[in-house]
Amino acid sequence: MSLLSRIQRGQQQQGGGGQQQPQQQGGGNAPQPNTPPPQQGGGESSRLEQIRNRRVMPTAGQGVSGGQGYSELRSRVQQKLLAELDPSIDTRSPEVRAQIEETFNQILNEENVMLARTERQKLFEQIVAEILGLGPLEQLLAEETISEIMVNGPKNIYIEQRGRLSRSTVVFENEDHVLRVLDRIVSPLGRRIDESSPLVDARLPDGSRVNAIIRPLALCGPTITIRKFSKKPLTVEDLIRFGSFTKEIAEFMAACVVARLNGVVSGGTGSGKTTLLNVLSGFIPNDERIVTIENAAELQLRQEHVVTLESRPPNIEGKGEVTIRDLVINSLRMRPDRIVVGECRGGEALDMLQAMNTGHDGSLTTAHANSPRDCLARLETMCLMAGMDLPVRAIREQVAAAVDVIVQQERLRDGTRKVTKITEIQGMEGDVITMSDIFEFEQTGLEAGKVIGRIRPTGLRPKFIDRIEASGIHLPPSVFGIGVSRY
């Protein structure tokens, strides 16, 4: 029996005083499974029986949150709630939730719907998520252990939790339901997603990165990928505790940032480049002007003097696009002490190198690459994408002069994210850029699917140590493994 049938039955029994018991099909006089046996006695027992009959109880093996009846009830209450709420109400106001709860309770009382306290609260939270939030995604976003959410159509939602992929029990009603939630994500950012523009990059208010692609490009239906950001930004102490790097490496990287060395964080997709860039940016002194440039603003810098710039896609007429490269060029006129580019993907790499070579020391960026050497090749390729007819040697000279250090971040096979190499760019020898590894990760084994190893110094002091000491920072030789046994 559906939930709506039980609700209607409870209402009929309420109107009839609870005296008539519906018979089972087949003519039997036995009571229904969810109906208590009639009690002998006076009016007290009849009233108690009436109250019991009015309560909506789940059928055997099925919770009140499951089944078609529950969905119909939720949809009906939600539609009535939307009809009674003021359309001009500001959904961001803190009083809205209280107003919705008051109207919600009033609707349930008018319909004589009796639910257990936990089920009533669950129904209310789901309706509030549909009206004010992102529907079924709200409970996944609230779970702190989930780092990534992947929606592959309305019925297939996967999550990454502690580095492992698994399928979630959360589902959407249909494709239209997914599109409504998606529109709620992109509309506040002035972006759109429809058949003429079926893919979009966006972000949530907390900085979480969102990518979406819909039909006709996504054949399985609307596909959403959300890379969550921690509500509390990760600090260097957190990464040390997680084993991403050691205290000595943190000390070395902090010295590089304070000494205004230009750095590139390199790594594959999902390796934690942006998180590490955010941590490195935290070492920038508070008295400097910082300009951040990103496709979707994700960096969460805690300094006071920060200017955040975000690129803009073209409008429906194909006009008004502002690229990362445009923003990098414009930032040079904004008197920045530091320029932090969320990611170099194309021709903006050339302008970034130019900025590093023209007085904007201490700039930081990220790039997709599998190793520090691959990162240099990627930078060359991206410079060629700028459309300038430059010889390869000229580009390499620019790279060697601009970049001081490359930090390689990787996501290992067990799901952990670690710094695997820190490499110094030393200069040019002929047509080749020379490099030297200062730290590298050494894997010693694999136990129960977990990678065993440690990142250790190679015993080489970087050539830019003089610049670090000139800024008043003196690192002990033990940081570079000098005078310390490797075993």
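This is a predicted model: local features need pLDDT of at least 70, side-chain atom pairs count only at pLDDT 80 or more; totals for chains, interfaces and linings use all residues.
Visitor: How many salt bridges does the structure hold?
Guide: Side chains of opposite charge can pair when their charged atoms come close. A pair is counted here when a side-chain nitrogen of Lys or Arg is within 4 Å of a carboxyl oxygen of Asp or Glu. The number of salt bridges in the structure is 21.

Visitor: Which residue meets Glu175 in a salt bridge, and where does the partner lie?
Guide: Glu175 belongs to helix α7, residues 175–186. The N to O distance of the pair is 2.8 Å, and the partner is Arg215.

Visitor: Are Glu175 and Arg215 buried, exposed or partly exposed?
Guide: Buried requires a relative accessible area under 20%, and exposed requires over 50%. Glu175 has a relative accessible area of 25%, and Arg215 has 38%. Glu175 is therefore partly exposed, and Arg215 likewise counts as partly exposed.

Visitor: Which helices are linked by the salt bridge of Asp351 and Arg325?
Guide: The side chains of Asp351 and Arg325 meet at 2.5 Å, N to O. The two residues are 26 residues apart, Asp351 in residues 348–356 and Arg325 in residues 324–331. The helices linked are α12 and α11.

Visitor: Which class of accessibility does Asp351 fall in, and which does Arg325?
Guide: The cut-off for buried is under 20% relative accessible area. Asp351, with 13%, is therefore buried. Arg325 has 21% relative accessibility, so Arg325 counts as partly exposed.

Visitor: What is the angle between the axes of α11 and α12, and how are the helices oriented?
Guide: Two packed helices are described by the angle between their axes and the distance between the axes. The axes of α11 and α12 come within 8 Å and cross at roughly 15°. Angles under 35 degrees count as roughly parallel, and α11 and α12 are therefore roughly parallel to each other.

Visitor: Which residues of α12 make the contact with α11?
Guide: The crossing of α11 past α12 is left-handed. On the α11 side, the contact is made by Ile324, Arg325, Val328 and Ile329. On the α12 side, the residues are Glu348, Asp351 and Met352.

Visitor: Where on α11 do the buried residues lie, and what covers them?
Guide: Ile324, Leu327, Val328 and Ser331 are the buried residues of α11. Seen down the helix axis, they fall within an arc of 100°, so they line one face of the helix. Their cover includes β8 (290–294), β9 (306–310), β10 (338–341) and α12.

Visitor: What are the parts tied together by Glu380 and Arg396?
Guide: Glu380 forms a salt bridge with Arg396, and the closest N and O atoms are 2.9 Å apart. Glu380 is buried at 14% relative accessible area, while Arg396 is partly exposed at 25%. The two residues are 16 residues apart in sequence, so the pair ties together helix α13 (residues 372–384) and helix α14 (residues 392–402).

Visitor: What is the relative accessible area of Ile224, and is Ile224 buried or exposed?
Guide: Ile224 is found in strand β6. Beyond neighbours within four places in sequence, its contacts include Ile149, Met150, Val178, Leu182 and Val210. The relative accessible area of Ile224 is 0%, so Ile224 is buried.

Technical notes:
Residues are numbered from 1 along each chain as its sequence is written. Side-chain values use heavy atoms; hydrogens and water are left out. Helices (H or I, at least four residues) and strands (E, at least two) are DSSP runs, numbered from the N terminus. Buried means under 20% relative accessible area, exposed over 50%, partly exposed in between (1.4 Å probe, protein chains only). The arc is that of the directions from the helix axis to the C-beta atoms. Contact means heavy atoms within 4.5 Å. Axes are lines fitted to C-alpha atoms, for helices over the stretch in contact, and angles run from 0 to 180 degrees between N-to-C directions. Angles under 35 degrees count as roughly parallel, over 145 as roughly antiparallel, 65 to 115 as roughly perpendicular and the rest as oblique. A crossing is left-handed if the near helix is turned anticlockwise from the far one by less than a right angle, and right-handed if clockwise.
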